[in-house]
Amino acid sequence: FAACALVGESVENPAKYYRNNVFNGLTLLEAMIRHGVTSLVFSSSCAVYGIPGEIPIHEKLAKKPINPYGYTKMVFEQMALDLAKSSGLRPVFLRYFNAAGADPEGRLGEDHDPETHIIPIAVEAALGIRESVTIFGTDYSTADGTCVRDYVHIVDLIHAHIASLKYLDGGGEPDAFNLGNSSGHSVRQVIDIAAKISGCHIRAIQGPRRDGDPPVLISSSEKAESVLGWKPKFNRLEDMVETAYRWRHSHPNG
């Protein structure tokens with residue numbers, strides 16, 4: 001959870017990402033081993049796959065990250081596996097796809113500074129908190145030319161962490177699991193859904209591609225379902241956008 005996690009920033013300032021995600025990550029692993037803490041649930045990322053050779057993406061695909069962020073996540077995974085062989089460390093790597101949504105009961109929501117995620121940005125544009133949404137790249141080889149991503153609700157991610165801890169408590173071996181909904185939505189679709197839920201027009205501006213953005217990322221989460229017993233409950237993008245909108249509407253200042 002303490003990693004630096006912005007793809008664009010990792011391209012502009014890779015040293016920051018290697019220093020925090022790799023060097024500080026190794027410090028964490030060594031401290032765990034030194035104090036006899038062997039169970040680790042690590043927030044990894046679908047960015048380790050880069051531009052995948054298959055869709056949906058399964059865990060056996062080669063890891064070929066195309067940006068420093070994804071590469072640092074891959075390196076941390078490898079460090080943890082190497083240390084596991086000599087120390088008794090047992091890591092589980094949860095390769096998130098696009099975390100989204102807010103607490104359905106309205107207690108917690110998403111508020112970053114700067115905000116880079118498309119759903120809260122679209123919601124803010126709908127509420128008039130920002131003037132517009134910039135679409136970074138409209139010429140990808142997708143149905144509408146914009147990037148396609150697999151979104152997973154934050155509550156479902158919480159349940160995946162609990163399932164991973166139970167897996168480790170039961171003697172589970174080091175392993176990696178993709179966490180997504182096995183379906184993709186484009187940036188334009190996200191904006192359209194946000195406009196429909198809010199009942200507001202959202203102004204979209206076309207911008208250039210961002211370095212390090214793959215065209216399509218869609219998960220296969222069959223392994224997480226079969227091994228961890230995990231299955232998303234908030235699997236509709238509308239649910240994710242609606243909870244995000246409801247939270248932001250009631251917390252206009254974040």
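The model is predicted, and its secondary structure comes to eight helices and ten strands.

**Overall dimensions and surface**
- The C-alpha trace of the protein chain spans about 55 × 35 × 35 Å along its principal axes.
- Of the 254 residues in the protein chain, 47% are buried, while the accessible surface comes to about 12600 Å², with 53% of it belonging to carbon and sulfur atoms.
- Among contacts with a separation of 6 or more in the protein chain, 79% are between residues 24 or more positions apart.

**Helix 4**
- Helix 4, which covers residues 118-126, is mostly covered, since nine of its nine residues are buried; the buried residues include Ile 118, Pro 120, Val 123 and Glu 124.
- Gly 128, which comes just after helix 4, takes a positive phi of about 80°.

- Ile 154, Ile 158 and Ile 162 together make a nonpolar surface patch of about 240 Å².
- Ile 158, a member of this patch, lies in helix 5 (residues 154-169).
- With a relative accessible area of 45%, Ile 158 counts as partly exposed, because that class lies between the buried limit of under 20% and the exposed limit of over 50%.

Conventions: Residues are numbered from 1 along each chain as its sequence is written. This is a predicted model: local features need pLDDT of at least 70, side-chain atom pairs count only at pLDDT 80 or more; totals for chains, interfaces and linings use all residues. Side-chain values use heavy atoms; hydrogens and water are left out. Patches are made of residues with over 30% relative accessible area and no salt bridge: like charges are joined within 9 Å, nonpolar side chains (Val, Leu, Ile, Met, Phe, Trp, Tyr) within 5 Å. Accessible areas come from the Shrake-Rupley method with a 1.4 Å probe; for residues, only the protein chains shown count as cover. A salt bridge is a side-chain nitrogen of Lys or Arg within 4 Å of a carboxyl oxygen of Asp or Glu. Helices (H or I, at least four residues) and strands (E, at least two) are DSSP runs, numbered from the N terminus. Buried means under 20% relative accessible area, exposed over 50%, partly exposed in between (1.4 Å probe, protein chains only). Contact means heavy atoms within 4.5 Å.
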